[in-house]
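I opened this notebook to record what I looked up in one structure. The entries follow the order in which I consulted it.

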Amino acid sequence: MKLISNVSEIKITNSDLFEKLCVIENYKKIMPDNVSKFEIIDSGSFIFSITGMPAIKLKFSQKISHSKIILESLDSKINFTLTAFINTNDSKNTSFYLEFNGNLNPMIQMMVKSPLQSFINDLSKNIIKLDE
């Protein structure tokens with residue numbers, strides 16, 4: 001299953017956004033309100049829980065300078081990646097979107113598609129908080 005967030009814009013350079021998204025502590029700032037738990041495991045991974053769902057561990061799996069960051073699930077019943085795509089609009093503005101990609105059986109997919117779409121849209125929208 002592949003889900004793509006809305007495209008958002010932020011008034012910082014692509015390199016600044018990339019650097020901010022490479023810092024685990026910044027993910028706490030952009031989590032939606034329905035996240036009931038957020039803990040940093042180490043400098044490359046964290047765990048969070050959305051109300052009513054099991055905890056999810058994510059770790060950095062790939063960083064392509066100034067353009068893409070891939071987080072992958074860790075110790076999860078559902079294997080997936082969450083990728084941030086970063087694009088330069090001009091010298092001071094950057095657009096980005098998030099992509100969830102996971103192999104889910106049809107039953108699980110039906111149950112989680114809407115909450116996951118909402119979650120990645122909220123994350124994408126909240127990334128502007130990194131400009132504050």
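**Entry 1: Gly44**

I began with Gly44, which I located in the loop between strand E3 (35–42) and strand E4 (45–50). Helices (H or I, at least four residues) and strands (E, at least two) are DSSP runs, numbered from the N terminus. I then listed the contacts of Gly44, leaving out residues up to four places away in sequence, and found Ile24, Leu58, Lys59 and Phe60. Contact here means heavy atoms within 4.5 Å. I also looked up Gly44 against Thr94: they are 50 residues apart in sequence and 24 Å apart in space, C-alpha to C-alpha.

**Entry 2: basis of the values**

I note that this is a predicted model, in which local features need pLDDT of at least 70 and side-chain atom pairs count only at pLDDT 80 or more, while totals for chains, interfaces and linings use all residues. Residues are numbered from 1 along each chain as its sequence is written, and side-chain values use heavy atoms, with hydrogens and water left out.

**Entry 3: the whole protein**

I counted three helices and eight strands in the protein. Read from the N terminus, the order of elements is β-β-α-α-β-β-β-β-β-β-α. The radius of gyration is 14 Å, close to the 14 Å that the globule rule gives for 132 residues, so the protein is as compact as a globular protein of that length. This radius is taken over C-alpha atoms, and the globule rule is 2.2 Å times the number of residues to the power 0.38. I recorded the span of the C-alpha trace along its principal axes as about 45 × 30 × 25 Å.

Of the contacts with a separation of 6 or more, 51% are between residues 24 or more positions apart. Buried residues make up 44% of the 132 residues. Buried means under 20% relative accessible area, exposed over 50%, and partly exposed in between (1.4 Å probe, protein chains only). The protein exposes about 7300 Å², and carbon and sulfur atoms supply 50% of that area. Accessible areas come from the Shrake-Rupley method with a 1.4 Å probe; for residues, only the protein chains shown count as cover.

I also looked up the charges: the mean positions of the 15 positive and 14 negative charges are 4 Å apart. Lys and Arg count as positive and Asp and Glu as negative, while His and the chain ends are not counted. Each charge is placed at NZ of Lys, CZ of Arg, CG of Asp or CD of Glu.

I found Ser5 in the loop between strand E1 (2–4) and strand E2 (8–10). Ser5 counts as buried because its relative accessible area is 5%. Its side chain reaches the backbone nitrogen of Leu98 at 2.8 Å. Beyond neighbours within four places in sequence, Ser5 is in contact with Tyr97, Leu98, Gln117, Ile120, Asn121 and Ser124.

Ser8 lies in strand E2 and, at a relative accessible area of 14%, is buried. I recorded a polar contact between the side chains of Ser8 and Ser124, at 3.1 Å. A polar contact is a pair of N or O atoms within 3.5 Å; within protein, one must be able to donate a hydrogen and the other to accept it, and residues adjacent in sequence count only if both atoms are side-chain atoms. With neighbours within four places set aside, the contacts of Ser8 are Thr94, Ser95, Phe96, Ser124 and Lys125.

Glu9 is also in strand E2, but Glu9 counts as exposed, at 52% relative accessibility. A polar contact of 3.4 Å joins its side chain to that of Asn89. Not counting residues up to four places away, Glu9 touches Asn89, Thr94, Ser95, Phe96 and Ile128. Glu9 and Tyr97 are 88 residues apart in sequence, yet their C-alpha atoms are 8.9 Å apart.

**Entry 4: loops on either side of E6**

His66 is in the loop between strand E5 (56–64) and E6. Its phi is near 65°, a positive value in a residue other than glycine. Most residues other than glycine have a negative phi.

Ser76 is in the loop between strand E6 (68–74) and strand E7 (80–90), and is partly exposed at 26%. Ile78 is placed in the loop between E6 and E7 and is partly exposed at 27%. Ile78 touches Ser73, Leu104 and Ile108, with residues up to four places away not counted. Ile78 and Ile108 are 30 residues apart in sequence and 9.4 Å apart in space, C-alpha to C-alpha.
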